[in-house]
Amino acid sequence: MRNLMHRHLGKLVAGAAAALAGTAVLAAVTLPGDAGAAGGGSRAAAEGPGAGTGQASQVRPGAVERAPEEGSTGVGRDPLTDDEVARAQALATPRTFRGATEDVKGRAGPERLTTGLAELGPDETGLADPPRRANVSFYDYRSDAYVTKTVNLTTGKVEKTDSRHGVQPPPNRAESEAAAGLLIAAPEGAGLREDYKHATGKELTGPGQLAVRGFVYRGEAEGPAPAGLRACGEHRCVRLFTKVRDGQWIDTRRYVVDLSARTVGRLG
């Protein structure tokens with residue numbers, strides 16, 4: 001198995017769990033048709049005492065109740081409502097801010113990452129009706145900065161803005177898919193394209209054909225980095241786990257996509 005790791009991207013290995021354990025991957029998992037049939041036991045035995053004795057007919061069917069209507073504003077330390085999330089994001093991205101920043105696709109406005117309820121201040125914890133605040137985080141590809149804004153939903157004001165360089169939170173779905181698209185189109189993606197065709201019989205033309213999950217790569221903070229990847233950490237760089245949709249894993253972990261420079265490099 002260790003030798004397979006040093007072969008090109010296109011080798012197949014049995015066992016999808018190996019992908020997450022750090023071994024070479026392009027595998028499918030087949031589960032038994034009857035999860036309760038281990039050891040050849042009967043279904044009645046798997047269901048336990050009372051199966052087939054009429055006890056099951058005495059169990060009342062479950063009832064599905066309609067979820068309560070969500071208000072536009074939460075109370076106390078309730079999680080942010082959908083309306084509060086939308087309002088916080090709008091307040092955190094005024095026109096001037098959108099015009100000065102870029103998202104992962106180069107469009108005006110930063111790449112939105114997370115929006116969550118902010119912590120209370122030390123003098124607010126005992127209040128009967130504390131203010132509702134939200135922390136909204138972004139990545140600005142124009143300046144390679146991680147930006148967090150604290151929005152007071154009670155007053156409608158941005159109370160704090162924190163901008164940092166060299167801070168790399170996990171990528172969101174759009175960033176992972178953008179990284180996959182760059183890898184597919186790059187010469188370094190030849191093995192990925194070959195593996196996909198081998199697995200499906202079809203050409204791989206875009207990230208929508210894959211299930212992808214991205215992980216931040218911080219360059220030399222993680223060890224010696226190739227020359228083309230030494231800017232990672234300051235740049236937004238992503239490694240990928242890739243999988244044929246409803247199918248096999250394809251090992252792409254040695255490849256790093258620099259989303260800031262829109263280039264692809266290889267580790268090792």
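This briefing covers aromatic rings, charges over rings and nonpolar cores in the structure above.

The model is predicted, so local features need pLDDT of at least 70, side-chain atom pairs count only at pLDDT 80 or more, and totals for chains, interfaces and linings use all residues. Residues are numbered from 1 along each chain as its sequence is written, and side-chain values use heavy atoms, with hydrogens and water left out.

**Aromatic pairs**

- Rings of Phe, Tyr and Trp (its six-membered ring) pair if their centres lie within 6.5 Å; planes under 30 degrees apart are stacked, over 60 edge-to-face, and the rest tilted.
- By this rule there are four aromatic pairs.
- One of them joins Phe97 and Phe138, edge-to-face, at 5.7 Å centre to centre and 65 degrees between the planes.
- Phe97 lies in helix H5 (residues 95–99) and Phe138 in strand E2 (residues 133–140), so this pair ties together parts that are 41 residues apart in sequence.
- Helices (H or I, at least four residues) and strands (E, at least two) are DSSP runs, numbered from the N terminus.
- Phe97 is buried at 15% relative accessibility, and Phe138 is buried at 1%.
- Buried means under 20% relative accessible area, exposed over 50%, and partly exposed in between (1.4 Å probe, protein chains only).
- Phe241 and Trp249 also pair edge-to-face, at 6.4 Å centre to centre and 80 degrees between the planes.
- Phe241 counts as buried at 17%, and Trp249 at 16%.
- Phe215, Phe241 and Trp249 form one aromatic cluster.

**Charges over rings**

- A charge sits over a ring if NZ of Lys or CZ of Arg is within 6 Å of the ring centre and within 35 degrees of the ring normal.
- Lys149 has its charged end over the ring of Phe97, 3.8 Å from the centre.
- Arg236 lies over the face of Tyr139, 4.9 Å from the ring centre.

**Nonpolar cores**

- A nonpolar core is a set of buried Ala, Val, Leu, Ile, Met, Phe, Trp, Tyr and Cys residues joined through side-chain atoms within 4.5 Å.
- The largest core has 24 residues, and Leu183, Leu192, Val257 and Leu259 have the most contacts inside it.
- Helix H6 (173–185), helix H7 (190–200), strand E6 (237–244) and strand E8 (255–258) each give two or more residues to this core.
- H6 gives the largest share, six residues.
- Another core lies apart from it, with 11 residues, among them Ala92, Phe97, Ala134 and Leu153.
- In soluble globular proteins, nonpolar side chains tend to be buried together.
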